Amino acid sequence: MKFDYSRLEPETRSLANGIPVYGFPDASLDLVRLEFIFEAGAYFQQKPLQAAACCSLIGAGTRNFPARVISEKLDYYGAYVERYPDKDQASVVFYCMSRYLENVIPLCVEAVRRSVFPEEELETYVRKQHQKFLVDRQKVSEVSRREFYSLVFGSHPYGRAVEETDFQALRREDLQDFYKRFYVAENCKIVLAGGYSSRHLAMLEEGFGGKDWSGERSDGRLGVFSLADLPAERRADKPMEGALQASVRIGMPLCPVSSPDFAAFKVVDYVLGGYFGSRLMRNIREDKGYTYGISSYVIPLRQVPVWMISSEVKADCTGKVLSEIEREIAKLQKKPVPDAELERVRQAYMGDFVRELDGTFDLAERMKFFILCGIGADFYRRNEEVLFSITPEEIRRTACRFLDPAAFRIVTVGAGNR
């Protein structure tokens, strides 16, 4: 199964003020995806909810138009916008038909460069997010996610969970300050994909390439995470009365995605829980019937990625699930993977990879990951090389090296979880 890795390499140019533009042209598409990526995630905020609210309200009221007018104009051209606040980055993505892009780019300029965060829009956002918070804290999966990050990162910005009091503490001035410092040219990258033309690139230059789009850029960092900073606590068990299921999360900090060791670890991860036929799925789902699904995966974070196993299980089976996970890890460390299983893993791994990068927009979306981790297409070339050259014994040794139960952080949430 061959993949053309040159497809992952964008046409790269810079606007006059230095903003990089990564292009994935596709003349066969009558659609365009235009993404603005900012280093403006929760890691940089000085106050809880500041980064998420700022990203979520981009374009919800600007210097020249209220939110309703911006929305109506986008609707008129069949365009829509998505916003993605995360721990390290925040992005704003516009979609529209190619023939309307000339009309939509000025709206992008208005939204990205001239947002003012009206008080009424902030109040609506806070009210909805508060309601979502109240609902989510009744879900075992959401509680375990919060507890897991707290257990791994402690007081570091990655580990800081939102509390109910944070909603009322958020002020319009908090968003305006964050916006001035982080939504500036020096902190922006643009990814353009689909059926665009040189005219559209010229419009981006006109709208975003000026020297006037600058600000009070500050890294705003609250500290650099070190493995020495890991909280001493390794386990959290949270009962939840009335829960029909329990949530289980096991994980640990991992080597950087750019590390030469990462590709081998991803094979180990795939064997253990990375695809539908993985060992954890066959044991805990198919054989024991403790869950509908269980998986392992890597969460890419700039300072330190996290590897995690997660599942929602029968509420009275959490102890059994933890024991079976421990047993599967021990088997992987003691005995080389059979050749037939390794071949299945290789085919599943590459099949998933090719499906994830099936279209032009999928390729463009991958740029955010490249920017986050400081990597490029060679990362995937290296992964494929390791996938098809790694031996069963190398997999066993890698499992011994990385999967150290003493380093695991374990969270269970739900009735009968102890």
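Me: In which sense do β8 and strand β10 (residues 306-314) pair, and over how many bridges?

Reply: Strands of a sheet pair through backbone hydrogen bonds, either parallel or antiparallel. Here β8 and β10 pair in the antiparallel sense over 9 bridges, and I250 stands opposite I309 in β10. Two strands are taken to pair if DSSP finds at least two bridges between them. Strands (E, at least two residues) and helices (H or I, at least four) are DSSP runs, numbered from the N terminus.

Me: What should I know about the model and its numbering?

Reply: This is a predicted model, in which local features need pLDDT of at least 70 and side-chain atom pairs count only at pLDDT 80 or more, while totals for chains, interfaces and linings use all residues. Residues are numbered from 1 along each chain as its sequence is written, and side-chain values use heavy atoms, with hydrogens and water left out.

Me: Over how many bridges do β8 and strand β11 (residues 409-413) pair?

Reply: That pairing has 5 bridges and is antiparallel.

Me: In what order do the 5 strands of the open sheet stand?

Reply: The order is β7-β11-β8-β10-β9, with mixed pairing. The edge strands, β7 (235-238) and β9 (291-299), each pair on one side only. From one strand to the next the twist averages 10°. For directions, axes are lines fitted to C-alpha atoms, for helices over the stretch in contact, and angles run from 0 to 180 degrees between N-to-C directions. Helix α9 packs on this sheet and touches β8, β9 and β10, its direction making about 175° with that of β9. Contact means heavy atoms within 4.5 Å.

Me: How many of the residues of α9 are buried?

Reply: Burial is read from relative accessible area (buried under 20%, exposed over 50%, partly exposed in between, with a 1.4 Å probe and protein chains only). In α9, 12 of the 13 residues are buried, so the helix is largely enclosed by the rest of the structure. The buried residues include F262, K266, D269 and Y270. Strand β8 (residues 245-253) is mostly covered too, with 8 of its 9 residues buried.

Me: What does helix α9 (residues 262-274) span between its end C-alpha atoms?

Reply: The expected span of a helix is 1.5 Å times one less than its number of residues. A straight helix of 13 residues would span 18 Å, whereas α9 spans only 14 Å.

Me: In what order do the 6 strands form an open sheet?

Reply: The order is β1-β2-β6-β3-β5-β4, and the pairing is mixed. β1 (11-14) and β4 (80-85) stand at the edges with a single partner strand each, so one side of each has no neighbour in the sheet. The twist averages 15° from one strand to the next. Helix α13 (residues 360-373) packs on the sheet, touching β2 (20-25), β3, β4, β5 (90-97) and β6, and its direction makes about 5° with that of β3.

Me: Which way do β3 (residues 31-38) and β6 (residues 188-194) run?

Reply: They run antiparallel, joined by 7 bridges. The bridge partner of F36 in β6 is I190, and that of E35 is V191. β3 also pairs with β5 in the antiparallel sense, over 8 bridges, where L31 has M97 as its partner. Because 7 of the 8 residues of β3 are buried, the strand is largely enclosed by the rest of the structure.

Me: How many aromatic pairs does a search of the whole structure find?

Reply: Rings of Phe, Tyr and Trp (its six-membered ring) pair if their centres lie within 6.5 Å; planes under 30 degrees apart count as stacked, over 60 as edge-to-face and the rest as tilted. The search finds 34 pairs. The rings of Y77 and Y100 have centres 5.8 Å apart and planes at 50°, so this pair is tilted. Y77 lies in the loop between α2 (67-76) and β4, and Y100 in the loop between β5 and α3 (101-113), so the pair ties together parts 23 residues apart in sequence. Y100 is partly exposed, at 32% relative accessibility. F117 and Y179 form an edge-to-face pair, 5.1 Å centre to centre with 80° between the planes. Both of these residues are buried.
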